[in-house]
Amino acid sequence: MIHSFKMNDMYGVIDTNSGLVHIVDEIIYDLLNEESYKSEKMLKNIYLKYGQDITDEAVSEINYLIENKMLYTEETVVGNKIKPAIKAMCLNMAHDCNLKCEYCFASQGDFKGEKSLMSFEVGKKAFDFLVKSSEKRVNLEVDFFGGEPLMNFDVIKQLVEYGRSLEKPYNKNFRFTITTNGVLLDDEKIDYINENMSNVVLSLDGRKSTNDRMRKTVNDKGSYDVIVKNFQNLIEKRGDKEYHARGTFTAYNLDFSEDIKHMRELGFKNISVEPVVAKPEEKYALLDEHVEQLKQEYEELAKFYVEARKDSNKEFNFFHFNIDLEGGPCVYKRSIGCGAGTEYVAVTPEGDYYPCHQFVGEKEFIIGNVDEGVTEVEVVNKFKDVSVNDKPTCNKCWAKYFCSGGCHANAYNFNKDFKIPYEVGCELQKKRVECSIMIKSKLEN
Amino acid sequence: MIHIKTLNKTKLTDNVNVKGCGECQTSCQSACKTSCTVGNQKCENK
């Protein structure tokens with residue numbers, strides 16, 4: 001399987017099963033289109049356009065790639081070598097929030113339940129479970145999440161200390177991250193976060209008008225003026241440590257590239273802005289009718305990005321345009337999907353385990369709790385047979401080893417079936433892959 | 001090659017016997033939380 005595309009005066013060809021990416025000229029692009037290089041009738045048209053000598057030369061290059069398993073490579077079935085072991089956790093430190101964002105999948109922080117904070121005892125039991133369930137895995141990931149986790153800051157500090165105490169005895173390496181809306185950030189919290197968190201995710205949607213339309217305070221005021229200065233203070237003190245200013249775009253800001261540019265102007269150099277996850281009946285949901293405009297928006301952003309990356313004063317990093325063609329994840333990792341329920345769980349303040357943060361509050365998805373461990377094997381099994389090659393649509397898709405099958409919650413929200421991916425998400429993901437390759441090609445030149 | 005430039009040297013299927021350690025980051029633990037972007041994760045098995 002191959003995929004060829006044209007963008008910004010560049011022709012790209014992706015060989016799905018080998019993962020190789022070829023930058024080609026127009027004649028190769030034409031020859032691969034509908035496999036013209038194989039058809040005498042179609043070749044005649046190519047001869048007319050380019051001449052026979054050049055055409056024959058190009059065909060011989062195509063044949064070389066095919067013979068060396070670099071084009072139209074057959075699928076190599078590798079099986080599931082990575083044994084499921086839960087080694088990543090999203091700790092919902094607070095089912096409460098000091099903002100009430102309209103699109104919040106957590107129902108403005110309480111996940112459709114009572115407002116609550118996680119106790120140290122619940123978090124401690126969750127860490128004990130994580131150490132045990134991760135078996136031989138060394139790297140453990142814990143994201144302090146919510147609601148708004150800074151509403152429970154003292155317990156976060158206790159848990160970080162407890163996690164560190166487990167590292168030597170059990171040969172583990174805890175990587176802590178925190179996702180915050182920024183309202184409660186002060187110098188003390190900023191210094192603590194910068195010292196102890198390997199990554200920090202700062203929620204900001206971009207322009208003031210975009211941000212304040214969705215990310216409102218409990219008094220219906222915008223949050224932009226409060227959070228931007230707090231985030232700027234944090235990144236100024238953070239040095240080279242990892243952070244991401246992370247936004248969500250919706251049907252209200254289809255011109256989201258302007259929000260990304262604005263975030264850059266505010267001084268944020270690591271930016272991640274993603275499409276909203278929402279049920280289709282929501283006014284802000286992204287639907288089929290938005291796809292073409294959004295693809296164009298990504299393409300324009302990608303062109304802007306190429307120029308920005310050439311200028312050290314304007315340079316920034318857009319998370320979804322990163323692509324590692326040499327040192328990226330192995331084919332096993334690319335096959336198994338996001339790991340929800342099998343490598344990753346979300347923990348509520350009450351101590352319930354869910355397959356991921358997106359399912360919290362949907363009680364039929366509870367898979368266990370901090371006292372009994374994982375008990376609902378049937379629910380977990382639903383997340384085991386959803387590797388990218390288990391999904392008929394994905395199995396035939398050229399981008400399958402870039403997205404690994406997409407978000408289960410999106411598939412469930414839109415199709416009530418983990419094996420049917422959310423099509424809007426697929427289209428946008430494919431466009432991002434094309435953009436990433438175009439960018440890589442242009443910057444290598 | 002005159003008409004084709006290959007950007008990467010390593011195939012997904014190279015060295016599969018030493019891959020699959022499972023140490024790499026869970027995709028939703030990075031900066032996404034929704035889009036299962038796996039292609040930009042780092043390999044920890046160096």
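Guide: Helices and strands are DSSP runs, of H or I over at least four residues and of E over at least two respectively, and they are numbered from the N terminus. This is a predicted model, in which local features need pLDDT of at least 70, side-chain atom pairs count only at pLDDT 80 or more, and totals for chains, interfaces and linings use all residues. Residues are numbered from 1 along each chain as its sequence is written, chains are lettered from A and ligands numbered from 1 in the order in which they are written, and side-chain values use heavy atoms, with hydrogens and water left out.

Visitor: Where does Asp9(A) lie in chain A?

Guide: Asp9(A) has a positive phi of about 60° although it is not a glycine. Its relative accessibility of 68% makes it exposed, a term that stands for over 50% relative accessible area, with buried for under 20% and partly exposed in between (1.4 Å probe, protein chains only). Its place is the loop between strand 1 (2-7) and strand 2 (10-15).

Visitor: Is Glu34(A) buried or exposed?

Guide: Glu34(A) sits in the loop between helix 1 (26-32) and helix 2 (40-50) of chain A, and its phi is positive, about 55°, although it is not a glycine. Because its relative accessible area is 63%, Glu34(A) is exposed.

Visitor: What distance separates the C-alpha atoms of Tyr284(A) and Tyr252(A)?

Guide: Tyr284(A) is in the loop between strand 11 (270-275) and helix 10 (291-309), and its relative accessibility of 6% counts as buried. Leaving aside residues up to four places away in sequence, its contacts (heavy atoms within 4.5 Å) include Glu102(A), Met214(A) and Tyr252(A). Although Tyr284(A) and Tyr252(A) are 32 residues apart along the chain, their C-alpha atoms are separated by 6.1 Å.

Visitor: Which elements of chain A do the buried residues of helix 6 pack against?

Guide: Helix 6 covers residues 187-196, and its buried residues are Lys189(A), Ile190(A), Tyr192(A), Ile193(A), Asn194(A) and Asn196(A). The elements they pack against are helix 5 (153-170), strand 8 (173-180), strand 9 (199-203) and helix 8 (224-238).

Visitor: Where in chain A is Gly147(A)?

Guide: Gly146(A) and Gly147(A) are joined by a cis peptide bond with an omega of about 15°. Gly147(A) has its place in the loop between strand 7 (139-145) and helix 5.

Visitor: How many disulfides does a search of the whole structure find?

Guide: A disulfide is a pair of cysteine sulfur atoms within 2.5 Å. The sulfur of Cys43(B), a residue that counts as buried at 12% relative accessibility, is too far for a bond because its closest cysteine sulfur, in Cys21(B), is 6.1 Å away. Over all chains, the number of disulfides found is 0.

Visitor: What radius of gyration does chain A have?

Guide: Chain A holds 16 helices and 16 strands, and along its principal axes its C-alpha trace spans about 75 × 45 × 45 Å. The radius of gyration is taken over C-alpha atoms, and the globule rule is 2.2 Å times the number of residues to the power 0.38. For 445 residues a compact globule would have a value near 22 Å, which agrees with that of chain A, 24 Å.
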